[in-house]
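This briefing is intended to be read alongside the sequence and the structure shown below. Please keep both in view while working through the points, which are grouped by topic.

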Amino acid sequence: MKKPEVYLKEYCQRLSDENLKYLAGRFNQKLFGDMAEILQFLSGVREIDKWLTSAETSDEMYAMVDMIQASVLKEADRRSSAN
């Protein structure tokens, strides 16, 4: 299995502009329910879902979510800079 950072980068690059905008908006706002919506969205991606369920503690799971957030926001910045 690839390192999570590599897989997350590849996943974010494959996201449609609409889905990337959706995730970036949720990560930026983090209003009530946004984290649940993010996790629900990501649960549809088998590899990410499997990786997240490997967390043994809530702290570990939130660290994983932070890694996803960093990848999503980096890709969103890259795409907005390219336009």
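This is a predicted model: local features need pLDDT of at least 70, side-chain atom pairs count only at pLDDT 80 or more; totals for chains, interfaces and linings use all residues.

**Helix α1**

- Helix α1 spans residues 4–14, and its buried residues are Tyr-7, Leu-8, Tyr-11 and Cys-12.
- These four residues cover an arc of only 130 degrees around the axis, which means that they lie on the same side of α1.
- In general, an α-helix has 3.6 residues a turn, so residues three or four places apart point the same way.
- The buried residues of α1 pack against α2, α3, α4 (46–53) and α5 (58–82).

**Helix α4**

- In α4, the buried residues are Ile-48, Trp-51 and Leu-52.
- Viewed down the axis of α4, these residues fall within an arc of 95 degrees, and therefore they line one face of the helix.
- Arg-46, Lys-50 and Thr-53 are exposed, and they sit on the face of α4 turned away from its buried side.
- The cover over the buried residues of α4 includes α1, α3 and α5.

**Salt bridges**

- The structure contains five salt bridges, among them the bridge between Arg-79 and Asp-17, with a distance of 2.7 Å from N to O.
- Because Arg-79 belongs to helix α5 and Asp-17 to helix α2, this pair ties together parts that are 62 residues apart in sequence.
- Arg-79 counts as buried, with a relative accessibility of 14%, whereas Asp-17 counts as exposed at 57%.
- Another salt bridge joins Glu-75 to Arg-78, with 2.6 Å from N to O.
- Glu-75 and Arg-78 are three residues apart in helix α5, which means that about one helical turn separates them.
- Glu-75 is buried at 4% relative accessibility, while Arg-78 is partly exposed at 46%.
- Which residues are linked with Asp-17 in a network of salt bridges? The network links Asp-17 with Glu-75, Arg-78 and Arg-79.
- Arg-26 and Asp-34 also form a salt bridge, in which the closest N and O atoms are 3.5 Å apart.

**The aromatic pair**

- A pair of aromatic rings is described by the distance of the centres and the angle of the planes.
- How many aromatic pairs are counted? The count comes to one aromatic pair.
- This pair is formed by Tyr-22 and Phe-41, whose rings are 5.6 Å apart from centre to centre, with 45 degrees between the planes.
- The pair is classed as tilted, because planes under 30 degrees apart would count as stacked and planes over 60 as edge-to-face.
- Tyr-22 lies in helix α2 (residues 17–29) and Phe-41 in helix α3 (residues 34–42), so that the pair links distant parts of the chain, 19 residues apart.
- Tyr-22 is partly exposed, with a relative accessible area of 28%, and Phe-41 also counts as partly exposed, at 25% relative accessibility.

Terms used:
Residues are numbered from 1 along each chain as its sequence is written. Side-chain values use heavy atoms; hydrogens and water are left out. Rings of Phe, Tyr and Trp (its six-membered ring) pair if their centres lie within 6.5 Å; planes under 30 degrees apart count as stacked, over 60 as edge-to-face and the rest as tilted. Helices (H or I, at least four residues) and strands (E, at least two) are DSSP runs, numbered from the N terminus. Buried means under 20% relative accessible area, exposed over 50%, partly exposed in between (1.4 Å probe, protein chains only). The arc is that of the directions from the helix axis to the C-beta atoms. Contact means heavy atoms within 4.5 Å. A salt bridge is a side-chain nitrogen of Lys or Arg within 4 Å of a carboxyl oxygen of Asp or Glu.
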